[in-house]
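Reader: Please show me the sequence and the structure, and then take me through them by question and answer.

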Protein chains: 2
Amino acid sequence: MIPPKELLRFLQKENNFVIAAHISPDGDALGSSIALSMALESLGKKTIVYDKDPVPEFYKFLPGSERFTNSLSTLNSQLSTLVLLDCNDAERAGIEKLQFASSAVIDHHETARDFGDVKWIDPKSPATGLMIFYLIKELGVTVTKEIAANLYTAIAIDTGTFRYSNTTPDVLRVSAELIEAGADPSCIAENLYETWTDNRFRLLLKVLNTLEIYNDIAITHVTLDMFRGAGAAISDTETFPEFPRKLKSIKISALFREIENNHYKISLRSKGRDVNVAKIAEMFGGGGHSNAAGCKIRADFKAAKEALLKAVREIA
Amino acid sequence: MIPPKELLRFLQKENNFVIAAHISPDGDALGSSIALSMALESLGKKTIVYDKDPVPEFYKFLPGSERFTNSLSTLNSQLSTLVLLDCNDAERAGIEKLQFASSAVIDHHETARDFGDVKWIDPKSPATGLMIFYLIKELGVTVTKEIAANLYTAIAIDTGTFRYSNTTPDVLRVSAELIEAGADPSCIAENLYETWTDNRFRLLLKVLNTLEIYNDIAITHVTLDMFRGAGAAISDTETFPEFPRKLKSIKISALFREIENNHYKISLRSKGRDVNVAKIAEMFGGGGHSNAAGCKIRADFKAAKEALLKAVREIA
């Protein structure tokens, strides 16, 4: 993986950066942003690290996570250079109204929009974090322990800690190098997967108890009452649809989350390469990746479920 | 990691091997055995692959898993060379009554016994599979797609697919090489983690619903009635104690499995480096590793639980 010369020159030339990632940031967005900020600052440049949404509690272990701000109100953006990470248009980061002096985009998502003066978009890259790793090396920056922890987390989260099909030899070799630079794989895994609150765990059990199986589709749901009863938030349910995937008979796992009366946010996860859930989500105005996508349906639970099952039958 | 010259000469010299691993074989025992069998046969040698217990259903995806036999009754063991894998005394493999012409031991467990003419025991190795990888290379055997899938599985299972603290740079670099040789990481992960039966999943939910928390100890249990009701076997519950570990507040997860009236088999899992559960298990005549151990207690559930909690307090 070789970063474009144009991007290197751009980063070397500019001095005041706003690094911004997509809303609802995940480990790849967060880790990539912090690592790039640390790298640019080690070159004597100034950076502001922005996300519209706060850093989720369980990502606060990332060294440098306190760099994030969710306000750019005091910034004169016209004097700043934007680096957009893990997404490729300003709207995904919620900063479409700001004017920057110039902008670069570094991303690995498929649907690329026409945004940015300099672009490095590589849908074949398993994670933006992997691209940042090569970029940092090319800039001649030493990968510190802190940078290593951020990039390891970014790569781990987007490869399901090396369980998804994007786990390439390159992913493992770069991760080996990051361990040598100081990343602690078990500490990172523990922070990512084993820091649940009691409320979240109790809610998981309640949600899994709602499991219904329709052929190879697992449907679970969570109501507003269940959220209230557990004192849990919608972000607590992020990984819930992974669990029914354990069932051998299941190809799609769908979690229906009630966000208001008769309005459901649906997370779709598929196994293997047979089913592209992004196509199903798109039928309801949503989107995502082949194995993980989401959409919203305005209907009561029964009608929403039937609409989804019908869509799956049409796609299959 | 360098295999001892003596072991290489021993394997090169002998021609009729019995490769045997420990009872209740896991992915490291199975994958290492099959890979070594394939390697030795490619050198023109004869091998029998033995385990006293059958290959668990969800490991039958391993190419060559049909090589396993669980009977040596027709064998003249005195004409055969034993290679004991992933354990270091014949009793752990249930073959202590057989006499072999000679024997070698390849293992990474800590408590080494005085068994075997030639030994390679490296407790620092994350998996026996990693040692077999280096051995095969040293023997000049090409790592085929089939060998790669077996060794990748062996290494993956013993490192929690790269989540445990034994995930070294070497582990990741060898795994990268195994992917290049044909191992499919997502296919292996799916087979290892996402091929549950409905009964197993339903039993998990019932078991998790028994969760009790005592300070930083999570206790779950499964009764004979629950096993019968779910049509599930004790091996179905192998990974259940992993789940309560997700709770941030928990340092030890203990699963009590009723194996007969007033007799419990207890699996212990700990998080981090603070608690050595092997020491707790040893107090009841059991054993294991620092983060995963097991023992049995003869008592009713309440008394067994109290005995365990008392032992934890004594160790802490």
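Author: Domain bounds here come from an automatic or database domain assignment. This is a predicted model, in which local features need pLDDT of at least 70 and side-chain atom pairs count only at pLDDT 80 or more, while totals for chains, interfaces and linings use all residues. Residues are numbered from 1 along each chain as its sequence is written, and chains are lettered from A and ligands numbered from 1 in the order in which they are written.

Reader: What separation do the centres of domain 1 and domain 2 of chain A have?

Author: Chain A is divided into domain 1, residues 5-193, and domain 2, residues 198-315. Taken over C-alpha atoms, the distance between the two centres is 29 Å.

Reader: Which strands are the edge strands of the sheet in chain A?

Author: Strands are DSSP runs of E with at least two residues, helices are runs of H or I with at least four, and both are numbered from the N terminus. Two strands pair if DSSP finds at least two bridges between them. The open sheet of chain A has six strands in the order β7-β8-β9-β10-β12-β11, with mixed pairing. Pairing on one side only marks the edge strands, β7 (212-214) and β11 (287-288) of chain A.

Reader: Which residue is the bridge partner of A:T220 in β9(A)?

Author: In chain A, β8 (residues 217-222) and β9 (residues 252-260) pair in the parallel sense, over six bridges. In β9(A), the bridge partner of A:T220 is A:L255.

Reader: Why is A:L178 classed as buried?

Author: A:L178 is found in helix α5 of chain A, residues 169-180. A residue is buried if 20 or more other C-beta atoms lie within 10 Å of its own, exposed if 12 or fewer, and partly exposed in between, with C-beta atoms placed from the backbone. A:L178 counts as buried because the number of other C-beta atoms within 10 Å is 29.

Reader: Which residues is A:L178 in contact with, leaving aside its neighbours within four places in sequence?

Author: Two residues are in contact if their C-beta atoms, placed from the backbone, lie within 7 Å. With those neighbours left aside, the contacts of A:L178 are A:A148, A:L151, A:Y152 and A:A183.

Reader: Which element gives the most to the side of chain B that touches chain A?

Author: In total, 34 residues of chain B are in contact with 34 residues of chain A. On chain B, the elements giving two or more residues to that side are α5 (169-180), α6 (185-193) and α7. With seven residues, the element that gives the most is α5(B).
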